[in-house]
Amino acid sequence: MQMGNSDENGFNSDEAEEAQLRTTKKHKGKHDKPKPWDDDPNIDHWKIDKFDPSWNESGMLEVSSFSTLFPQYREKYLQEAWPIVKSALKEYGISGELNLVEGSMTVSTTRKTRDPYIIVKARDLIKLLSRSVPAPQAIKILNDEMQCDIIKIGNLVRNKVRPLEFE
């Protein structure tokens, strides 16, 4: 003898609804089917694997480079910190150049570069350095686990009228 609302099959109404939803779930496309690894508890879907140089033994085929300008007041600090930055970039096979005449920093791939995404990380590094982030902090962006976002807040300001300075 069962308690509660049950249908002719002996299911509770909630269980019957749930069973019906499972059987009538339509897949939108032929590729939208459950995969064997979707429910595997041994697979960590959010884990980011550290890059292994053996994945790209031939290296980069083309040279990619990024350049960014920096303000003049950062010139002295960048000149002092550049050897640290250059050695950090060299570990990943990236060359870096500091041009004090133009006020620019350039990073580019070399024949020793294996990780294709490291040039994007190096670009973020020089952007952070040009925006007054200390070199030891900015170098952390080269790690696979770290990311950065530069948010421009100029458009978010409501009052754009700036007071004029009088002499």
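This is a short tour of a predicted model, stop by stop. Residues are numbered from 1 along each chain as its sequence is written. In this predicted model, local features need pLDDT of at least 70, side-chain atom pairs count only at pLDDT 80 or more, and totals for chains, interfaces and linings use all residues, while side-chain values use heavy atoms, with hydrogens and water left out.

**Stop 1**

Select residues 65–69 and 94–99. Helices (H or I, at least four residues) and strands (E, at least two) are DSSP runs, numbered from the N terminus. The sheet is open, has 3 strands in the order β1-β3-β2, and its pairing is antiparallel. Two strands pair if DSSP finds at least two bridges between them.

**Stop 2**

Select residues 75–90. This is helix α2, which packs on the sheet and touches β2 and β3; contact means heavy atoms within 4.5 Å. The direction of α2 makes about 165° with that of β2. Axes are lines fitted to C-alpha atoms, for helices over the stretch in contact, and angles run from 0 to 180 degrees between N-to-C directions.

Next select residues 118–130, helix α3, which lies across β1, β2 and β3 and runs at about 170° to β3.

**Stop 3: S67**

Select S67, in strand β1. Is S67 buried or exposed? S67 counts as exposed because its relative accessibility is 51%; the cut-offs are under 20% for buried and over 50% for exposed, with partly exposed in between (1.4 Å probe, protein chains only). Leaving aside neighbours within four places in sequence, S67 is in contact with S104, M105, T106 and I126. Show R123 as well: S67 and R123 are 56 residues apart in sequence, but 7.5 Å apart in space, C-alpha to C-alpha.

**Stop 4: the largest pocket**

Select D115, Y117, K121, D144 and Q147, which of the 14 lining residues are the closest to the centre of the largest pocket. A pocket is an open set of points on a 1 Å grid over the protein atoms alone, where a 1.4 Å probe fits, with protein on both sides within 12 Å along at least five of seven lines; lining residues have an atom within 4 Å of a point. The space in this pocket is about 230 Å³.

Conventions:
Grid points are joined across faces, edges and corners, and a volume is the space filled by probe spheres set on the points.
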